Amino acid sequence: MCPFPFGHAHTLEQAKKFLSGPIPASLGDPKWGVIDLSRNELTGDASVLFGAAKPTTQIDISRNRFGFDLTGVTFPVNSTALDMNHNMIYGEIPAQINAVGGLVLFNVSYNRLCGEIPSGSVTAKFDEYSYLHNKCLCGAPLPACKSD
């Protein structure tokens, strides 16, 4: 049994309820339209919520303690909002983010991401505030990457 109460059909909403503990992998199975698990104390691998073919239009997992490698994640291509700020997400931002053409909100600030922000029409829409306070992200709109 899933410990998360659900909002209306095809919506997983449990924001600001102070849930804690690991996210159940089974939450990645349903085809959610909107996912809002923000402002909790959830941990684990939230990458199960993502996938290019999923019908999800909005994902907000901000302000939790999720820790997973973003490098191999694919984002739902019909997404309009992806908010992952204030977690412990590591790895690189996948270049596939630039295939999510309708994205109007994207925030990965305050994580542990590294590497160059993939250049493209989608990533160029967002200012430095979407990317700040990561371990070693670089490239526009942040300072250029150092070539060592």
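So, what percentage of the 148 residues of this chain count as buried? The number is 47%, where buried means under 20% relative accessible area, exposed over 50%, and partly exposed in between, with a 1.4 Å probe and protein chains only.

Quick housekeeping. This is a predicted model, where local features need pLDDT of at least 70 and side-chain atom pairs count only at pLDDT 80 or more, while totals for chains, interfaces and linings use all residues. Residues are numbered from 1 along each chain as its sequence is written, and side-chain values use heavy atoms, with hydrogens and water left out.

Okay, the fold. We've got 0 helices and 11 strands; helices (H or I, at least four residues) and strands (E, at least two) are DSSP runs, numbered from the N terminus.

Now the aromatics. The whole structure has 5 aromatic pairs. Rings of Phe, Tyr and Trp (its six-membered ring) pair if their centres lie within 6.5 Å; planes under 30 degrees apart are stacked, over 60 edge-to-face, the rest tilted. One of the pairs is Phe50 with Phe75, edge-to-face, at 5.7 Å centre to centre and 85 degrees between the planes. Those two sit 25 residues apart: Phe50 is in the loop between strands E4 (41-44) and E5 (58-60), and Phe75 in the loop between E6 (65-66) and E7 (81-83). Phe50 counts as buried at 6% relative accessibility, and Phe75 is buried at 0%.

Then there's Phe106 and Phe126: centres 5.9 Å apart, planes at 50 degrees, so that pair is tilted. Phe106 lies in strand E9 (residues 105-107) and Phe126 in the loop between E10 (112-116) and E11 (136-138), so the pair ties together parts 20 residues apart in sequence. Both of these Phe residues are buried. And Phe50, Phe68, Phe75, Phe106, Phe126 and Tyr131 form one aromatic cluster.

Last bit: disulfides, meaning pairs of cysteine sulfur atoms within 2.5 Å. By that rule we count 2. Cys114 is joined to Cys136, S to S 1.4 Å. The torsion about that S-S bond is about 90 degrees, so the disulfide is right-handed. It links strand E10, where Cys114 sits, to strand E11 with Cys136, 22 residues apart. Cys114 counts as buried at 19% relative accessibility, whereas Cys136 is partly exposed at 36%.

The other link joins Cys138 to Cys145, S to S 1.9 Å, and with 90 degrees about the S-S bond, the Cys138 and Cys145 link is right-handed. Here Cys138 is buried at 13% and Cys145 partly exposed at 30%. Counting bonded cysteines along the chain, the pattern is 1-2, 3-4.
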